[in-house]
Every structure is written in C-alpha cells, then in structure tokens.
Amino acid sequence: MAGLLTRILPKRFRKEGIAIPVVRLQGAIMTGGSQFRPTLNLANTAQMLERAFAKKDAPVVAISINSPGGSPVQSRLIYQRIRALAEEKNKRVLMFVEDVAASGGYMIALAGDEIFVDPTSIVGSIGVVSGGFGFPELLRKIGVERRVYTAGENKVILDPFQPEKESDIEYLKSLQLEIHKVFIDMVKSRRGERLADDETIFSGLFWTGQRGVELGLVDGIGEIRDVLKRRFGPKTRLELVGSARGLLGRRLPGIASLGIGNAGAEIASGAAEGLASTLEERALWSRYGL
C-alpha cells in the first residue's frame with residue numbers, strides 16, 4: 001500500500017532516498033527496569049526489533065549499541081532475536097557502537113554482519129564475572145545469629161552470611177568457564193577469520209575501537225549517518241524505531257516501561273527494590289570509565 005501511494009503521489013510530495021530503520025539499544029543488560037531506570041533485556045527490545053525488520057523496503061537494519069554488559073542470558077536472547085529476524089526477513093544488520101559494547105554488550109554487537117565503532121569506543125571484555133559481599137563478621141559483631149534450615153546440602157552455596165568455602169568457589173568457577181566457552185564460540189562463529197591471532201582476545205581485556213579493528217573484533221571506524229549515507233546515497237534517511245505507544249500516548253507494557261500509571265508508586269517501588277540493581281548498573285558503567 002505504501003509503495004502504491006508513493007507511485008501515485010506527485011513527485012514533489014514524495015520522500016526521496018532510502019529509509020533505513022535504526023534501533024538504539026542503550027543501558028546495562030538486566031531484567032526489570034522502568035521508564036525511570038531503563039535497562040536492556042529481550043522484553044524491552046523485542047517489539048522495536050520486530051518493527052524495524054518489518055520495514056520491507058529497507059535494505060538493512062541499523063542498530064546502535066551502547067552497553068557495558070550484564071546478564072549473559074538476556075544478551076544471548078537479544079542476539080538470537082536479531083539474527084532470527086535478519087534471516088527471516090533476509091536483511092543485513094549494521095551495528096554501530098557508541099561509548100561501549102563490552103561483555104554482554106559486545107555479545108549483542110556480534111549480531112551485526114558488520115560492526116562499526118568510534119576510535120575511542122570501548123569494545124571486548126570477552127569473559128564472565130561474578131561478584132558479591134560477605135557479612136559473617138558483621139553479624140557476629142552486632143550480635144545477630146542467623147538461622148537457616150535446608151533440605152539439600154547445597155541450598156546455601158555462596159551464602160554471603162557464611163564464611164566462603166573453597167568447594168563453593170570451585171563450583172562457581174566451573175559455571176563461569178561453561179558460560180565463557182559459549183561466549184568464545186559465539187565470537188569465533190561470527191568473526192571467524194577476521195579475528196587476529198592474539199591470545200588476549202578471550203582474556204576479558206577490553207580495548208579502544210581503533211585497537212578493536214586491528215584485533216578483528218569490529219570491522220571499521222564510522223559514524224552511523226556517515227556510513228549509511230556513503231553506502232546508500234546522500235539522500236538516505238535514518239528513521240529511529242521507538243517503542244510502541246497506546247491510544248493515549250503511553251508506552252505499552254513490556255516494551256520500554258513497566259506501564260505503571262502512578263509515577264509516585266513507580267518511584268517509591270524503584271527506591272525500595274532497585275537500589276542494589278542501580279548500584280550494580282553503576283559499577284558496570286564505571287568499569288569502563290563512564
């Protein structure tokens with residue numbers, strides 16, 4: 001229908017140039033989030049991706065990624081959805097890194113057929129990390145006795161209120177190694193012979209965009225508008241694909257917000273439940289100097 005209308009409209013009313021859908025993926029990768037504290041996960045991005053790939057006349061889909069990482073599960077889910085849509089709609093994906101695409105952020109970037117960066121972007125960090133705090137001495141000092149009753153000898157593994165056990169640490173590291181192997185296999189599968197022969201690539205280190213090009217982690221230096229206009233012509237238009245909205249203009253639930261109508265309740269809930277995740281998110285960004 002859109003193509004028919006374009007043909008019958010007088011030329012002066014037609015939009016010229018190719019329209020490229022652009023999806024912007026921004027934030028730490030974790031479940032939950034809200035309009036006050038947006039995060040990246042499949043629930044928050046699925047419909048934007050569907051809408052971008054549904055644009056039949058677009059030769060490619062451009063995705064801008066800016067994420068320090070987070071949940072490996074959500075990272076893989078987003079990656080898999082992008083690749084599934086790309087194959088279903090027969091479209092290439094051009095990925096553009098802003099400040100950072102590290103750890104899970106880089107995992108998502110792997111969904112691009114080509115990855116472009118700024119020379120000062122941060123990329124890489126192909127590894128797995130777990131962290132936490134231990135409080136056994138604090139409880140003892142303030143006179144608190146913790147009582148835990150379990151059915152299953154490993155139900156309190158890695159309990160922060162008990163002294164660390166070597167067996168717990170070994171088990172956690174075995175899980176990390178399994179996840180790390182999945183990540184490494186994804187990088188090798190997507191980047192293939194473009195990867196440099198450098199043993200540090202999978203060590204968890206991260207690099208500038210310029211060094212990322214040399215290591216084969218990304219394909220080139222380029223800003224989204226420049227690259228698309230150079231490739232598809234100076235009249236190329238970039239159309240940002242945002243979250244869908246309801247009849248009253250509110251963001252629909254499960255897309256970019258939780259859909260809670262009462263802002264006060266949302267703020268209070270975020271203050272009560274989101275402090276730990278907010279600190280975790282801040283730590284992810286600060287690791288890369290952001």
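These are my notebook entries on a predicted model of one protein chain.

**Ground rules.** I number residues from 1 along each chain as its sequence is written. Since I'm working with a predicted model, local features need pLDDT of at least 70 and side-chain atom pairs count only at pLDDT 80 or more, while totals for chains, interfaces and linings use all residues; side-chain values use heavy atoms, with hydrogens and water left out.

**Overview.** I found ten helices and eight strands in the protein chain. Both are DSSP runs numbered from the N terminus: helices are H or I with at least four residues, strands are E with at least two. Of the 290 residues, 39% count as buried. Buried means under 20% relative accessible area, exposed means over 50%, and partly exposed is in between (1.4 Å probe, protein chains only). I also looked up contacts, meaning heavy atoms within 4.5 Å. Among those in the chain with a separation of 6 or more, 72% are between residues 24 or more positions apart.

**How far do I trust it?** I checked pLDDT, the predictor's confidence in each residue, from 0 to 100. The chain averages 81, and 74% of the residues score at least 70. Among the elements, strand 4 has the highest mean pLDDT (98) and helix 9 (residues 263-273) the lowest (48). Residues 246-250 stay under 50, and the model has three contacts for them beyond four places in sequence. Residues 252-263 are also below 50, yet this stretch has 26 contacts in the model beyond near neighbours in sequence.

**The cores.** A nonpolar core is a set of buried Ala, Val, Leu, Ile, Met, Phe, Trp, Tyr and Cys residues joined through side-chain atoms within 4.5 Å. The largest one here has 42 residues, and L25, I63, I65, I82 and Y106 have the most contacts inside it. Elements that each supply at least two residues include strand 1 (19-26), strand 2 (60-67) and helix 6 (166-191). Helix 3 gives the most, with five residues. I clicked on I63: leaving out residues up to four places away in sequence, I63 touches V23, L25, L49, I82, V93, L94, M95 and F96. Another core, of ten residues, lies apart from the largest one, and its members include I20, L94, F96 and F116.

**Strand 1 and its partners.** Two strands pair if DSSP finds at least two bridges between them. Strand 1 runs parallel to strand 2, with five bridges joining them. One of the partners I looked up is N66 in strand 2, which pairs with Q26. Strand 1 is also parallel to strand 8 (residues 237-240), joined by four bridges. Here V22 stands opposite L240.

**Helix 2.** T45 is found in this helix. T45 counts as buried because its relative accessible area is 1%. Its side chain reaches the backbone oxygen of N41 at 3.0 Å. M48 lies in helix 2 too, and M48 is buried at 10% relative accessibility.

**Helix 6.** Which residues of helix 6 are buried? I got D168, Q176, H180, F183, I184, M186, V187, R190 and R191. Their cover includes helix 3, helix 4 and strand 4. After helix 6 comes G192, with a positive phi near 50 degrees.

Definitions and conventions
Polar contact = N/O pair within 3.5 Å; in protein donor to acceptor, adjacent residues only side chain to side chain.
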